Structures are given as structure tokens and as C-alpha cells.
Amino acid sequence: MPSSSLPTTPSSPPSPPLNDNSHAERRLREAEDRLREAIEELQRRQRRAAACGPHQHPPCHHANDESCVANAIGNLCQSFLLSYGVRVGIGILLRAFKLVRRQSYSSLLDLKQLVSEKDLIVREEACRIGLLFGGFTGSYHGLRCLLRKLRKKETPFNTILAGSVSGLSILALDDSNRRRTLALYLLARLAQCSYNSAKSKNKFHLWGSHWRHGDSLLFAFACAQVMYSFVMRPESLPKSYQDFIQKTGPVAQPVYKAVRDCCRGYPVDIVSLSAFLSERKKSNHVELTEFPSIIPCSIIHPDTNSCLAHNADATTATFRKTFPLYFSLTFVPFVVLHLQKFMDAPARTCWLAVKGAVRSTAFLSAFVGIFQGVICLHRKVSPKDHKLVYWIAGGISALSVLLEKKSRRGELALYVLPRAGILVLFVYGRNYVLLGV
Ligand SMILES: [Zn+2]
Ligand SMILES: [Zn+2]
């Protein structure tokens, strides 16, 4: 495994004025040392170039005495181990949170309960993620060395070709949905890069791109589309998205179906709806008709009559549910990828992870709370439902992204945007989507 050690730069202490001579001597010696190091480095580079062939191709940039194959394999192993470690670490931390929630604190010290094969099911996924990242970096470095030798020059074409071929390591993921999500995210990234490059050369820029909150607006637009489709056309969203939104929000699936039918003017499935309500033991308060003009609050949140209590519950429940996940996602990658920094200041790292996780969780909880709030508010002022309400509610609740760090807002917009783009295509016809999604 390649390990790089950075030489520490000697810092010269301020010299006493009486010792001018010795100070000058020391400076001279330091300059000599530096010159010697530079000459040695030059010689090393020449030797490396000679080893690769008699000046036939530009020298590689990897460590001096390492062959290209060893470098590629080293990169593969390092990335594999790091990503494997991150995934397993997240799994263990989430398991620990689960045990804490069950209040079995003593079991935290019991390795059998914490990491047993039965409860901690991350191995296959960790291996796949390791192969994805390890395979990518390993084959990318190997291919670049190979192309450098074959083409006897170093051009951007080499980089693009090596990157494209090693991108095939995405096949390590078995779920085609996740492959698609990753590919769409990378495509959005590519679009962002080319756009930024065109903008920096003053070739082209979008109207409104200089706005301070342009990224939040983009995110709001994307979320409006996604939440609208979640309520009105859930089949257009990938299953993982649907499950995530369903699990995070407080409203049950049969209620969404009733809202959808009501908006479209279809008859509401009274049988399944009343079965759901009797499960919640509130059926006697609600009158069900086949063609309601709106699905009332008493069905949307049957557990409580107060909209305010419902919204507060939804917000705090989301916070409790998602905090462990966000904490693990912030903490583990930092520890694994910056182990030295973590060892230097463990308390600070923990504090930063808690702060970051609280911020992200607050954003998601506020999103859920505001979405529910807008829906309740609509029921207070209007006797009729409209599908546009869910688009607007999604857009307004997405403004909670302002709670997030500025740098994360653009990131989130890029993550959600490809889905929203495809949803726009959906409006033009189903066939497009089958090609696109
Ligand atoms: Zn090489
Ligand atoms: Zn309500």
C-alpha cells in the first residue's frame, strides 16, 4: 500500500542580533541542503524516466521505485479497504444506536450482539462498495499508465478514456436502481462542471445564476416535482425514493391513495380506507363518501384532532428517526478517511459530527413538518382539493434547505434534480419515461 510521508518544513527561529555571523552560516547550510535535495530529486526523476524506456513516453507521476502494476494494485487495495471500512463502520454505529434505543446499554459491550452475522448485515454491500471504489481507482491508475506508454504522450484524452473504462466498475453494484441513481448524479455533476467552465470563460451563463440563493431555488423546484409525483404519480419514482419518503413522513399509504383518487375525481376505495381507520380506532368520527371533495384532516392524521400537534409530532419523530443515520454518515467517513486528524482531536471531531448531524436532521425534519403544515393549512381554508397543492407544498417545504450548509445545498439540488428532470419528461408521455428512468 502506498504511504506518503510529508517532510516537515524546518522553521527557523528568529536570530539574536549579536549572532549575525552564525545566523548567516546557518542560512547558507540550509540553502545547501535544499540544493542537494533538489539535485537528488532531479536525478531520481531521470532514473525513473530511463527505467520506463529511453525517453519514449513521459514519466509516471507515482512513487519513485514503484512499478505501474504495483501502483495500480496499491490504489485498488487502499480504496477497497477504506470504502469497506466506512460501510462497516456505519453499520456498526447504526446497530449501536438501535441497541441504545432498546435501552439495552450493557449489550453495547457485548460484541456478539453488536456485530453478530445475524444482525449486522453489511458484508455483501461493503464488499460491493469496496469493489466499486477500489476497482475504479485501481483500473483508472493502471489504464492511465498503460495509455501513457502506448500513446507516448499525456493528453486529456488519456484521462477521459481511462475514466470512462474504469467507470464500468459500477457493475459491482447489484441493484440497477442504485446504479441508475449514481449515474444520474454523476451526469448532473458533469453538467455542472461543463456549465461552470463555460461560465468562467464568459461563454454562456444561465439567467439568475448570480443569485445568492439560486441553489436553494433549484432544490425547491426539484423537490416540488418529486413531492408532487410522490403523491400523484408514485410509480414514476424509483422504489427506494418512494420508500424513503414514505418512511420519513407521518402519513400512511392508503391515505395517499385516497388523496390521489380524490384529486383525479376517481371513486375513493372506502373499504381499504375504513379498514385502515378502524386499525387506528378512529373510524366512528369520520364519514366516508365515495366522491369526497377533499380528504379531511381527520383521515390524514387520525391519531390527533389538532393539526399543530400532528405537525409537531411529525417533525420530532423525523428527527428521532433520522439522527442516528446522519450522525453515522458524518462521523464514520471522517474517522476512516482522516484517521490522523481524528487521533489529534477526537473530542472536536465528535463535536463537529454531532453539529453536522443536528443540522442535516433539522433540515429533513423541518421539510416534513412544513409539508404537513401546508397540507393542513390548505384544508383549513379550502373545501376542495387540487393536485397543485402538493407541488406547492413540496416547493415551500424545500426552503428548509436554508438550514443546511451553503455547500451542501447545491449538492442536494444536484442529487434530486435528475429525478425531477425525468419527472418533467413524464408529463409528455409514459414512453419517454420508460426510456429515461
Ligand atoms: Zn506508471
Ligand atoms: Zn391537519
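Helix α14 (residues 346-381) packs against helix α15 (residues 388-397) at about 140 degrees, with 8 Å between the axes. This is a predicted model, where local features need pLDDT of at least 70, side-chain atom pairs count only at pLDDT 80 or more, and totals for chains, interfaces and linings use all residues. As for bookkeeping, residues are numbered from 1 along each chain as its sequence is written, chains are lettered from A and ligands numbered from 1 in the order written, and side-chain values use heavy atoms, leaving out hydrogens and water.

**The α14/α15 pair**
- Axes here are lines fitted to C-alpha atoms, for helices over the stretch in contact, and angles run from 0 to 180 degrees between N-to-C directions.
- The two helices, α14 and α15, cross in a right-handed way (the near helix is turned clockwise from the far one by less than a right angle).
- On the α14 side, Phe367, Ile370, Phe371, Val374, Ile375, His378 and Arg379 make the contacts (heavy atoms within 4.5 Å).
- Their partners in α15 are Val389, Tyr390, Ala393, Gly394, Ile396 and Ser397.

- Cys68 in helix α2 (residues 68-101) and Cys145 in helix α4 (residues 123-151) link distant parts of the chain, being 77 residues apart.
- Cys68 and Cys145 are both buried (under 20% relative accessible area, 1.4 Å probe, protein chains only).

**Zinc ion (ligand 2)**
- Here the protein donors are Cys297 (SG), His301 (NE2), Cys307 (SG) and Cys376 (SG), at 2.1 to 2.3 Å from the zinc ion (ligand 2).
- This site is tetrahedral too, its four donor atoms giving angles of 102 to 114 degrees.
- The donor residues are spaced C-x3-H-x5-C-x68-C in sequence.
- His301 and Cys307 are buried.

**Whole chain**
- There are 17 helices and zero strands, taken as DSSP runs (H or I, at least four residues, for helices; E, at least two, for strands) numbered from the N terminus.
- Of the 437 residues in the chain, 36% are buried.
- Among contacts between residues at least 6 apart in sequence, 68% join residues at least 24 apart.

Notes. Buried < 20%, exposed > 50% of the residue type's maximum accessible area, 1.4 Å probe, protein only. Donors = N, O, S within 2.8 Å, 3.2 Å for Na, K, Ca; no water. Tetrahedral: all angles 85-135°; square planar, octahedral: opposite > 155°, others 65-115°.
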